[in-house]
Amino acid sequence: MARRHYGADQVQEIPARHGGDLGIEAFTFCGRAFQCYAPVEPLSTAERYEKHRDKLSTDLRKLVNKQKELHKLLGDVKISNYIFLVPIFDSAHLVQHASTKSEEIRSKNLPFIANDFKITVATDAIYAAERNEVLERPTTLVDVVPTPPGEVDDWMQGNSELAQVTLGKLAKLRLSPAAQRSYLEQLVNQFLDSENALTRLREKYPDQWEAATGARVRKERKLVLEYPPGSTNSAADVTSIVRSLKEDLSRQAPALDDAFVDAMSWGSIADWLMRCPLDFEIESAS
């Protein structure tokens, strides 16, 4: 977000692994410094305030205790605005604390601190336009890792009833037993790819997971209206449902890349065939 707001060449990140941990995670050449903090939720307002207060105080002390390292790092840049970025901000006491700390830091006469130095406590709402641009840009949030064949076989053995239900539906397409088995294996493969990817998405990006699964649930609820039981009579119809779901996912969770959307769409088809929201019409012999 900072790169988009100030310019990609105006933002310098500070890696914490080797010589970092200096109280800021990035700075701009126009005098902004950034420190991000996200305490583990849920917390009450009072608990959140205490964690924010303690974290801010700890990191600001590093500006004093490690001033020589910071001076070398910043060069001729003077920090005028220290932005303490948090996910949730709901305490006026924290603003008061930041104001007190601003005055305290100014009084230290540090060589890299501007005379008008201030601390801003904020959420990513201060970069709302940039945040929306980032979220709307399809990107690889998590990789879709192919499921090993052995895991597909293990799943089918452990879920034989669901596999038999799906095979019974595939038989309506008048596929050969070998073709039915191959189709089923590919469906299970897509289902496992999708579920594994969704698990990783939920761990790393819960908001995107919520958007993606919400789109799938809404599509499932409309299946009976858009595709009444028995009306789906060929694999081509399944492809049209996949295409429709991909469009829904891309519209409602635009940050997801094509590989994830494709895997999730086919995985949803597999799930619906196994759990029965989706079925085929028996093809007549001709």
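1. The side chain of aspartate 271 forms a polar contact with the side chain of arginine 275, at 2.8 Å. The model in which this pair occurs is a predicted one. Aspartate 271 belongs to helix H11, which covers residues 258-275. Its relative accessibility is 12%, and because buried means under 20%, aspartate 271 is classed as buried.

2. Helix H8 comprises residues 177-204, 28 residues in total.

3. The buried positions of H8 include Gln180, Leu184, Leu187, Val188, Asn189 and Phe191. Further along H8, Leu192, Asp193, Ser194, Ala197, Leu198 and Leu201 are buried as well. Against which helices do the buried residues of H8 pack? Their partners are H6 (149-158), H7 (160-171), H9 (206-226) and H11. H11 is also the helix in which aspartate 271 lies.

4. Regarding the pairing of H8 with H9, the two axes come within 6 Å and cross at roughly 140°. Because only angles over 145 degrees count as roughly antiparallel, H8 is described as oblique to H9.

5. On the H8 side, the residues that meet H9 are Glu195, Leu198, Leu201, Arg202 and Lys204. The H9 side contributes Pro206, Gln208, Trp209, Thr213 and Arg216. Sorted by class, this contact has 4 nonpolar, 2 polar and 4 charged residues. Leu198 and Leu201, which take part in the contact with H9, are also among the buried residues of H8.

Technical notes: Residues numbered from 1 in each chain as written. Predicted model: local features only at pLDDT ≥ 70, side-chain atom pairs only at ≥ 80, totals over all residues. Heavy atoms only, no water. Helix = DSSP H or I, 4+ residues; strand = E, 2+ residues; numbered from the N terminus. Buried < 20%, exposed > 50% of the residue type's maximum accessible area, 1.4 Å probe, protein only. Polar contact = N/O pair within 3.5 Å; in protein donor to acceptor, adjacent residues only side chain to side chain. Expected span 1.5 Å × (residues − 1). Contact = heavy atoms within 4.5 Å. Axes fitted to C-alpha atoms, helices over the stretch in contact; angles between N-to-C directions. Parallel < 35°, antiparallel > 145°, perpendicular 65-115°, else oblique. Nonpolar A, V, L, I, M, F, W, Y, C, P; charged D, E, K, R; others polar.
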